[in-house]
Every structure is written in structure tokens, then in C-alpha cells.
Amino acid sequence: MKNYILYLINIFLFFFIIGNTSLSAQNKRVNKKRNTTVNINFASKVVNGFNEPISDAIITIDGGEKTVLTDNNGSFKIAVNSNSIVLVEAIGYKDTIFSVLNGVYPKQIKLSSDDNSTYISRGAWNSTLSKYMTGSSSGISGEELSTYPDYSLSNTLQGHLSGVVASANVGGLGLNASSIYVRGLHGYTNNGALVIVDGMEREWNDIIPEEVEKIEAMKDAVAKILYGPRAANGVLVITTKRGKENKRTIKTSIEAGVMLASRTPEYLNSYQYASLYNEARMNDGLQPFYSDKQLEGYKNSTGPNDVFYPDVDYSNLFLHNQSMYRKAIFEMNGGSGRIKYSLITNYIGGNGFEKVGDRPDLNRFNVRGNLDIKATDYINIFADASARLELKSWGSVSSSDVYNKISTIPSNEFPILIDPNIINMELSEDGVPFMGGSIRRPNNLYADMKYGGYTDERYILSQTNLGIDFNLDMILKGLSAKGYVTFDNYSMYRKGQRDVYPTYALLNRNDDFYPQFVQLRKYVPQSDMSQLAEQAYRTTGWNFSTSYDTKIYNHKISAIFAYNYFNKENKGEVQDIKNSNMYLDFNYSYKNKYLFEGVYSMLGSNKFSQKNRYFSGGAIGMGWILSEEEWLMNNNWVNFLKLKFSCGILGYDKNVDDLLYNTAWKNGGNVNFGERAVTVYPSTNFVRIGNENLKWETSKELNIGIETLMLDNRLSFEANYFSEKRDDIIGLNTSKYQDMLGNFVSYSNMGSVLNNGFDFFVKWNDRIADFKYQVGANLVWSKNKLLSWNEVEYPDEDVRTVGKPTDVMIGYNAIGLFGRDVDLNNGIYQSLGDYKEGDVAYRDLNDDKVIDSGDRTVLGNWFPRTSLGIDLNLNYKGWNLYILGTSELGLDVWKNNSYYWNRAEDKYSVQALNSYHPQRNPNGEYPRLTTTQGSNNFVNSSLWVENGSFFRLKNIELSYTFDFKRKYKTCKELRLFARGTNLFVISEEKNLDPEDMNAGVTNYPMYKTLTAGLCVTF
């Protein structure tokens, strides 16, 4: 631990020294110039291509030594040295850099318009201009994502990238990362996207947006094929910030706020529960369990510690409605012609929703430094290092256990605390109270949270890149080569102490005067802490590439040959992950309007036997930039227009378990033989039959798209149609064999899925005097079909999943309740379980007069057909308002958790009030209450399906920026902001959050976040 803290400090100090050395060197050069050169008054004017003045252009002298802004006439005046370096920047225009050589400077500086072309990543540390890209990708800057305060970077992506679906999840403190899908569901399982950070597959959720330069989604074959054997599902490429030449920026910011629980479940009090429990027993033909006296006692209960009539509001007693969020950042960025540096240190912290005992607390420290050194005119060296230290603590009960117990223990099960006078015992010296329990549930949540011990967890991650870039123009103009190696280490260590305190159950509930108790648990203290869990892995990788770029008249040719190797060693796993990718990427363009790209890739993976270890894939892309044609070049409406097409074949290995090509055995323990069975022999158990003929999953893909910029670049639009056929999906084809074969069935290539859809984005931005605004939308629609899989060819088509989407929800078609909607003696027998009046009646789909598994059918789908994001950005002088709304449409959710399925001896939610009863609630929506498992009612059916579509106000930021560039030399900007996330959701599901129906039931709830902060730029 001490060594790791020293490592963090060393990274910070190294880059801080480099940054200050660079600044010092710049200052020395400036001071030297002052001693050897003449100061001059530099006066000029900044204009655009039409010679119109550009106001508020930023003029930076000698990497930040001086700064000035142009006035409304585009003019400025500043004292410089006769050899100063000048950087001119303006929004909507390309940067310009020049030197004031011997006191000579331009009287007018003309900036060319930014054509909105950005560089798109093409493999590790290579890129190409987006206008010449034939593949499909979408991107966003880290600055745009920084408006969303959260612990996980993945949560900031929802609604931002066309083609990308970010589905929210719930977990404990800091464990709420979204699931990322690119263009829908590609196979039968394992549909998540690959994430590349600075050229290598890496953990990414604890990166903060301020560390990120940009995030790009690679969506089609041409864009994905360069990223190896795990890229077929789509790739997120994250590039962290690097130093900027001739700029110098220091930023610091702080932010704090609250996270408020939303759409939390509601449960019945003791009186309501006891009354309905009696009803459930009578529905089952049993006598009421609670007497009128007991019901009256529960009605007038004194609260959670009422020994005879406890009424425990578990949610209120054990949970807060809010938790805290805090964040602080320090950033240095800049450089000269020789050294460029970027250093970001940050802290994120917060606490959990638990109220009793040790409240969960999280503290995460990140340091990232990226350094670029121009060693010679032909050699550039880069060295990157990052480290994360996360310290988390909580009590002895995990958040999932807390919420599961809150959602299942009835409010009258037992009192939380027992008065010593009633139990007739004296408190121990440590003052721990007597705590209640029951025969069914001997564990007391209060005892475990308050006195059960503690848990500490330490998570450490370090990442290192070392690389070198050669400019080989001296051998052949346009030739270059680069290589780098990476070293990453991850470790998690969890320790804690567990103490068990006694609980007591009341035996004679009906005797208020002479209560008798029985002890359920004994006092079991733990003298010292112990290790609870440990995890560690490390990754190594290296990449080498050589590229050639040339232009011969109207022919532009470029090519990249690269080899990438990745190795992940995971402690405790039977097989490391080793894969490689060798590819040749060839690009050709004619007159910058006819584009061609061809990629050949040789993939390697140790997931397959030696004879199938390598896979040959390829992709081609073609584009036509119509706006370069003479008949469209001077069109006043269209600034840029491109048609593009791509197709390819990719291999995929992520869906392959370890060593499936080998027959596997495992230790089976000991077997005793001989007289009195005293002779011990070890045994070996059979696991599976291997299949050395397993092949790669293959993805055959097609993309057709259009990109355009119109109306003086104010309107941008892109649309793509995509189709993908995934073949040779690996699984166990048990349906072909009798069950008696058991594990003697090997894995094989048996599945096939067809996925298609479209995505698009549109954006409009404009300016009216001092008012600037931007509005945009992006959307992806997808639907797949399972073509073949491990399935018996049932005669009933409705039951089969082949021929249907892989996300189908299959169940029974409920037609009402017996006795109210359907005659109990309708001549159809339901084999699911006992049923009577008030139970669910189902449709006999195959007309065989029996309701069984053959009567199931498709009821919906759980993955959104459409995912949508809409954003609005308004700016007036120093004020800025940003709004993001997200929506998922065309999906359904199951209402089959404990909140909706009120049955047996478990807790009742308020939904139990809506159960059917001929007198109490003849119009009840849900079936009668029962003390049994209700096997006829509580199965997946249309009764428990809800439209899961929703619209969410995802993010709002209101800010004001004080611009001090004209006033002060040191402080350039002060920005004040207020932010909110998940402010409201609109959906047909009104009780729980439709994005995750278990939120607040089995773990933390969805929450809205309200924060405020400030950012100072020097």
C-alpha cells in the first residue's frame, strides 16, 4: 500500500516537474530573447476568408506567456519579442501558428474555416480524417461528457453516440456501470462492446471525463477489424488527453452534491400485512392466523420495538433517501516544440444509502500523465502512466443483502430491539441491546449492520505505455514506423471482521403478560480481521506498425501494416487470454472524391486448438464525395456530401470458454474403501468432452451510409443501414442427444443470428449575435433473428425461439382471473399447479384442452428496438444551458420480482392491495393472495409484462463563465455551474424504474444527482 502511494506521488511529481521544466524552459527562452532581441508592439487584425473581422479570437504568445483577445473589429495589440511564437485560435476556425521572425509580422491574419473534419482512430495510435473514412463511426469529446456527475464513465454515454445503447444497471456504491451495446444484439450471448483505452483493451469505468480527449464508437466491419478478435460486437475507442504545443493551461475544479433515491418500492405496514395474510390463508381454505386482538394490536403498534406487535418500516429505519457526491480535479496541459505534457489528478468520493452501522464510503484517487518528447527531428518518444487507488468501506452486510432483506422480511416478523425488562435479562458490559428474530428468520438486520463487523476494500490499478515513433522520410518520403509496449496491473483486496450477536424469538405471541423467548443465535465474536476476497490480474501488450503515405498527382495512397499482441493473466483462471491481430490496411483516393479502403487481417487466439488458432478476415470500403464533383462543388446549400459502402468478415473469440478444445477432468475428493472404509483413495470427476474442431464465430457485415454538411456547415447529418450475420456461434447442442449422455456432449459451432437496423444523427448549430445554440438528435433501431440454436423442433411454433429475436420474452397468455373473467369449469385443465377462483386463467393456444409448456408464446422483447438521444445547448454571453433527454422505445419488462409477486410467507408490497378478492377488491388486477408458492399464478405470463418504453430527462447543466482574459494575466476564466442527472422519467411503469425493475428491490435504487461547483482556468 505504501509502495503504491509512493508510485502515485512519483507520477504526479514527475509530470509536475516536466511541466514546470517546460514552463521554465519557455520562460528562460523568453527572458533570453528579451536580453538579445528587441521588444516590439505587435498590432494586427484577424479576419476570415471573406475578410470579415473575427472578434474574441485568442492570441497566445510563447505558449501562454501572454494572451490577448481581438475586439469587435478583429484587431489586437500586444508587446512581443522579435522572435516570439504566436498561436491564433477562434471558434469555428482552424488554428494558426507562426513566428515573429526578426520583428516581421503580418498586418492581417486570415483564418480558414473549420470544415468540421475530425480525425478518426484507425487502430492503435493511427488516425485518418473523417471525411475520407469509408467506415462508420461516431464520437464525442470528454469535455461534452463532463456535465454528467457519476462514478462510472459508461453512464455518461447514454444518448450521446449514434448506434450506441448504454443500459443502466444498479449495484452497490460505485458499482452501477452501464452495459454498452453497439448496434444491438449480435449473437446469442456476450453482446457487449470491446473497450480500447490508449491502444489496448483496458478497464475504463473509473476514468473520469476530464481525462478523456474523445470517445469513438467503431460500428462497421472497416472500422472494427483493426481492433482484434474481440471487436465484432463493436468497439469503444477512448483516447486520453495529451499535451498541446504552444499552449499552457492549468485548471482546477471542485464539485459536490447529493444523490437522491427515486422510484423506491413501498411496502405494507404490520396491520395491513396481517389483515391480508389472514385473507391469503382463508383463500387457501385455512383459518386466519391473526386474531382480532392481534390485528388491533398491530393497528395501534408503538413501532419497530413493540415486542408483541412490532411495526417495522424497514426502508425508513435502514435507508437514507440521499447520499453524498464529491469531486476535485487538478489539470496541467501544454508544451513546446520539443516536449508536450498532460497531467490530471482527481479525486471522487461519496457514500451509500445505508443508515445503520458503518455507512458505505468510497474514496477514489486517479493520476494520469502523458508525455511526448521530440528527441530528434526523426524520433518522437511517448511515455504514459496512470494509477488509481480506490478505498471503500462498509459494514458486514453487502448492499444487495440489505435491500433483499428489506424487500422480503414482513414488517411484523419480529421487533428490532427487545426491552431488557421484558426479556428479563441484564445488558452485557458492552451495552449491546437484545435483538429480535423469528424461527423462520433468525438473523436480525439491525444486529448485522450495527454490530456485525466491518469490511474494507482496496482496489489498485496501474497502466503504463512506452512507445517510439520514427519519421523515416530520409529513407522514403511518407514512410514512418512506431511501436509501443504496455504494462497494466490490477489488484483487489478485501478484509474485514465478522461478529455474530444473539437474537431472540418470542414464543407465545398470544400471551401479553408472561412472554417467553428462545435464543436463536449465539454470541460469536471474531478476534481479528481476516481476508475475505482477493483478485488480481495483469496485462501486457505490444504493437508495431509501419505506414506509408504519398500522393502522386491526383492519386493519394496510404497503407499501414501492423501487429498487435495482448496477454491477460488472471489469478485463479485456468487459461490466460492471449490474442493477436496482424493486418494490412490499404487506402486509395482519386481527386479526394473517390475513396477505397481494403483491410486484410490475420487474427490469433489461444481459445482454439492449434489447427484452428488463426482466422483470416477482411473488409473493404468505398466512398464517393459528391461535394467534390464540379456539378455540386459550388452549391450554396451543400458543403459536404458523401456516400459510403462497406462489407467484411470478422472473427470473434470472446464467446469461447476456457480450453473447450480439451477434454476436462477435475479432482473429485476422496473415496473410502476396504474394511471399515478406512482406506482412502483420491477420485477424479469427468467435466466435459473436448472438441478440437471448434472454429471461430464469424461475423459477415454490410453498411451503407450517407454523410452531409449543409447550409454553411450549420446542419450536419449522417445515416447508416447495417446488416450482420453471425455464424458458428458456440454452444452445447444437447437437443440432438438423449439426456442420458450428460456431460459427454461437447461444445460445437451450432448457432446463427441475423441482425439489422439503422442509425442516424442530425445536428443544427447557429449564431444570432451573442446568442449561440445547438440542437441535435441521434437514434439507433435494431432487430435480430435467431436462425439456428440448441432447440428441440417442437410442433408448436409459438414455443420455439428459432426464427424469433434473441431477446424474446416467452410465457403464457393470461386471459383473466377464474371466477370473474373465466368460468372455473371451462373444460380446460391447467397443469401448472392448483387453481381456484381468483387464480390466473391462460389461453389454450394449441387447443389440446390442457395448459402446459406447449401453450407458451412470445409476449414481448427485453432489448429496446429504438434508443434515442436529444440534446440542446444554449449560450448567451457568459451563460450556458445544456439539456439532454434519452429514450428507449419498443421494449417490455417483467414484473416478476418480489415487489409484484406477493406470495407465501414473504413481505407484501402495496401491490398486494390490488390483488383480487370477491368482497374486498372484486376488480383487483392481480390474482388472489396465497400462502403457497402459487405455482399457477407466479409464472411468466402476459399478466406480468409491462411496456418498458420510457423517456428520461438525463442531464442538465446551467453555468456562467467569467472571462478574465482581458483583465488578468494569471486567471483566465472562472466558471460556476449547477448540474442535475436523471431528473424525471416518463413511462407506463409507475412504481419502479423501467430501466432496471430491480432497482431499489434487490440493490441500490436509481438516483437523481444534484451538484454544484466551480472551475478556474489559469
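Mentor: Start with how elements are named: helices (H or I, at least four residues) and strands (E, at least two) are DSSP runs, numbered from the N terminus. V485 lies in strand β25. This is a predicted model, in which local features need pLDDT of at least 70, side-chain atom pairs count only at pLDDT 80 or more, and totals for chains, interfaces and linings use all residues. Residues are numbered from 1 along each chain as its sequence is written, and side-chain values use heavy atoms, leaving out hydrogens and water.

Trainee: Why is V485 called partly exposed?

Mentor: Buried means under 20% relative accessible area, exposed over 50%, and partly exposed in between (1.4 Å probe, protein chains only). V485 has 32% relative accessibility, so it counts as partly exposed.

Trainee: What makes a nonpolar patch on the surface, and which residues form it?

Mentor: Patch residues have over 30% relative accessible area and no salt bridge; like charges are joined within 9 Å, nonpolar side chains (Val, Leu, Ile, Met, Phe, Trp, Tyr) within 5 Å. A salt bridge puts a side-chain nitrogen of Lys or Arg within 4 Å of a carboxyl oxygen of Asp or Glu. Here the patch is L466, V485, F487, W542 and F544, with about 440 Å² of accessible area together. That area comes from the Shrake-Rupley method with a 1.4 Å probe; for residues, only the protein chains shown count as cover. β25 (479–498) and β28 (530–552) each supply at least two of the patch residues.

Trainee: Why is P1005 called buried?

Mentor: Its relative accessibility is 4%, so P1005 counts as buried. P1005 sits in the loop between β51 (973–987) and β52 (1007–1017). Leaving out residues up to four places away in sequence, P1005 touches V170, A261, S262, T264, F353, Y403, A999 and G1000. Contact means heavy atoms within 4.5 Å.

Trainee: Is C971 buried or exposed?

Mentor: Buried, because its relative accessible area is 15%. C647, at 24%, is partly exposed.

Trainee: What makes a nonpolar core?

Mentor: It is a set of buried Ala, Val, Leu, Ile, Met, Phe, Trp, Tyr and Cys residues joined through side-chain atoms within 4.5 Å. The largest has 31 residues, of which Y151, Y314 and F318 touch the most other members. α9 gives the most to this core, with four residues.
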